[in-house]
Each structure stands twice: as C-alpha cells, then as structure tokens.
Amino acid sequence: MAEIRPTVGSTLVAGHVLGRKLDSIPFSAYHVSIIGVLALVGFIEGYDLVMTGSLLVLAKAPLQLTDTEIRWLAVGPTFMLCIGGFASSAVSDHWSRKAIMLIGVVATTFFTLLIPLVQSAEQLIIVRLLTGFGAGFAVSAAFPIAAELMPAQHRRTYGAIYEMALAISFTVVPFIAYLLTGNENAFRFLALPGGLAITVVPVLVYFVIPESPRWHLRRGHTRAAADLVNRIITRSGSRVPPLTVEALGGAGRSARDELPPYWALFALGQRRWTTVGILSGICAGTAYFLISVLLPKALVDQGAAVSLSFGLTSLVYFASIPGKAFTGFLMEIIGRRWTIFYALAGSLPGLFLMLIAHRAGDLATVAMVTGALITGFTVLSAFTACRVYLSEQFPTALRGRGQPFGESTGRLFAGVLAPFLMEPHTGSATIFFGTIFAVVAIGAFIPVLFGKETVGQLEDVSEAVPALA
C-alpha cells in the first residue's frame, strides 16, 4: 500500500489559517450554548440507548421475554448502532456534520417514542434495532462537530461536559427504573422522556449548532467558511478581528478538494493512529457496555435483589459524573494518552473489589459499593479523553468518517461481541468481573506504548502528518 502524503497547497495553508483563527476566539457564552445543545443531545442519546439494561428486567414479565429474546435485546441495538455508525461513516465528510446529527437525533427519539405502543417481544426488538441504527448517526457526530468548533484549549471542557451529560442519563435511567419497579407498564413509562425529546432537541440542533467552517473549506466553499468563522466571532463578542476571504486564498478557488478514499483511514502514515484510537475505545468500551447492559442482570443472577441491582447501577454512573469532570481537567495537564492510562489503570482496584465482593461475607455490600464508586470515577469516565483523542487522530478530510468508523468498530467488539459472549456467564462474578478486569488492564497501556500525544491545534496535530490523497 502506497504511503499517502499531505497535500501541499492552498487548502493546507488555508486550513492552518482558519484553524488558528478559530483557536484564537475567546471562550464565550456562544461556545457555552453550543456545548449545552450538544450535551443535551448526549443526554437524550444516552438515555435512549442505556435503557436496554433496564428493559431486560422491566419488560421480561409483561412481554414474556424468552432467553433468546433477552439476548437479542442485550446485543441487537448495539449491533445496529455499529451498522448505523458504519453507514454514517460512509456518507460523512460528504454530508455536513449537522445533517448527520439531525438524522440520528430524529430517528433515535422517534423510535424510542414507539416503545410505549409495543405489544410483543418481537415489536420491542424491532423498535430497539431501529433505534440503534438511527443512533449510529448521532452518537459519533458530536465529537467531530465539537473538535472543529471549539478552541483547542476548550475541547477538554466540551468533552467533560458532554460525557457528564451522558453519565447523568446513565444514572437517571436505572433510578427511574427503580422507582417504576413493580408497575406492569414500567418499561413504557421509562421510554417516554427519551421519545418526547423529538419535539425539542432537533429544533435546538438546527438553530444553535453552526456548520463546520473546516468542512466548508475542504469542500471548496472559501467564502462560506470565512462567513461561518466571522459569525462565530460576532456571536462571541467580536473580541478578535474578522477572518478575510483573502487570508484563505481568495474567493476564486471554488473547486472542492477531492476527498481521500475511505481506505485512507488505514493508509501508511494514518494506520497506526486509527488503530490505537480504536483499540483504546474497545478496552474502555468493554467495561462500559458490560456494566451498562449486563450489570443489573449480573447482580440479580448472582443473588442480589432487583432494587439493589438498579441502585448499584445508578451508583456506578453517579460516580462517573465527577469522574468525567476530573478526567476533562486532567487531560490538558498530563495529556490525552496518560489520562486514558489513569482512567483504565485506576479502575483496577475497584473492579477487583467487585470481583471478590461475594466472598467478603458481611462486608460484601461495602466491597461492592466501594468498588462501584471507584470503577465509575475511573474507567467509566475514560471517554472524556478517549473520544477527544479519537477525533484528533484524523485530518479534517477524514474526521467525519474516521470518528464514526472508529467508534462503530469499537462498539462492534465492546458492545456486541463482549455482551453476547458474556451474557450466559453473568451468574459468575469471577468470569464477569474478571473479564472486565483483564481487558481494562491491557487497554491501559495501548495509548501510552503505541499512541501519540494530540494536544494542540487540529491542523498541527493531524493535517500535516496523515494522509490526504
């Protein structure tokens, strides 16, 4: 495979000029509004997706779910999330970032709104599969959008807030499920908040989130790119001079730059960074998906009460809220790679306590709760760094495809294969928690040993190194 070298020309130079201008804009209330809307998207998407673990318990009796149907519900939505992510990856960079997000948000909330209407296990499975496919467009779009709109020094701010919004949704879902336990229609009521969001969230995305100036520049829309940057400058208080079209090479360059082929994600010069980003996500994602999808079932299978299983799951995600804030703070101090190492390696004591809790006698609950708090604060908080790190592995021409491809590939292993293989073994604490322990221990060293540090302007990090055909 031939090495792909960076394009030397107006686009590369103009990209650096545009990137430096975006990074020079002082953080403002307008940036806060962008973060707020994207965080709301994260909350709703998280709510609609993490519902799977609670549905396995709440819908089992009313819909008379069989073991096979439970297994489909456990892994099917995540599998379709991967398929939707790959579909999104195929059209991203061709379609705008905002269009991809709108498609995903509308689809996810619409199909979630159908859950209260289902009357059989088959209908529930179909609705959840379609929800997962739609979510594949939304969940990966937020980070390319934020990476290309946020000043470099504030990507960690966005990453932390977005992931905290996800953590809040992960905490709220099992808590609501706990409150609804015993109600025959509990799973229907659980779905209503996520479904009714269709009336609000897509509207906010459309009117608040701007298109990416970097994406427009790559498309050859020089004036549109400059206008978008200047609109952000104006809404941020006009504290820096506007960007001129001439600074980007003039308005005469109307021909778009040809996008590199899809295989450029694995071309020489890009292959290593794509792989490291994916592997980091797989290891952190395995811990997340096994806990979010199977922890309530695992605890019940291991002898815990249903209410305790939901309560402990909420506690894990509650601990991740401050954990993600701390991870966001840490990643600008010690870098993305070492923050990922901290988040994964730091969870090992907590996972060990959860592994041995059943042998702790009267202290079993204390050990399990302590382990859950440590695990939530660390490995479940790793995505603040992991997803920003993945975004920064790709140049602008590949970022829209690289992010959903990387996340979808990671989920295929962490969210589909791992729960599918582990679901029959949830009754064994040694196998269930021991597997999470082993995967996380390996993943802690991958970015440190094989990755690169990516703190800095996007163009300095990626445009000059990887691969533009």
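Predicted model: local features only at pLDDT ≥ 70, side-chain atom pairs only at ≥ 80, totals over all residues.
A cavity here is a set of points on a 1 Å grid over the protein atoms alone where a 1.4 Å probe fits but cannot get out, and lining residues have an atom within 4 Å of a point. For volumes, grid points are joined across faces, edges and corners, and we take the space filled by probe spheres set on the points.

Residues are numbered from 1 along each chain as its sequence is written, and side-chain values use heavy atoms, with hydrogens and water left out.

Helix H4 (97–113) and H18 each supply at least two lining residues; helices are DSSP runs of H or I, at least four residues, numbered from the N terminus.

Now, what is the volume of the largest cavity? It is about 540 Å³, and the structure holds 7 cavities of 30 Å³ or more. The largest cavity is lined by 34 residues, with Tyr288, Phe289, Phe383, Arg387 and Arg411 nearest its centre. H12 gives the most to this lining, with 9 residues. By class, the lining divides into 19 nonpolar, 9 polar and 6 charged residues. Here Ala, Val, Leu, Ile, Met, Phe, Trp, Tyr, Cys and Pro count as nonpolar, Asp, Glu, Lys and Arg as charged, and the others, Gly among them, as polar.

On to the pockets, which are open sets with protein on both sides within 12 Å along at least five of seven lines. The largest pocket has a volume of about 260 Å³, and Leu299, His358 and Met368 are among its lining residues. Helix H16 (364–377) and H13 are the elements giving two or more residues to that lining, and H16 has the largest share, 4 residues. The lining has 8 nonpolar, 4 polar and no charged residues.

The second largest pocket has about 220 Å³ of space. Its lining has 6 nonpolar, no polar and 5 charged residues, Lys60, Asp67 and Glu423 among them. Here the largest share, 4 residues, comes from H12.
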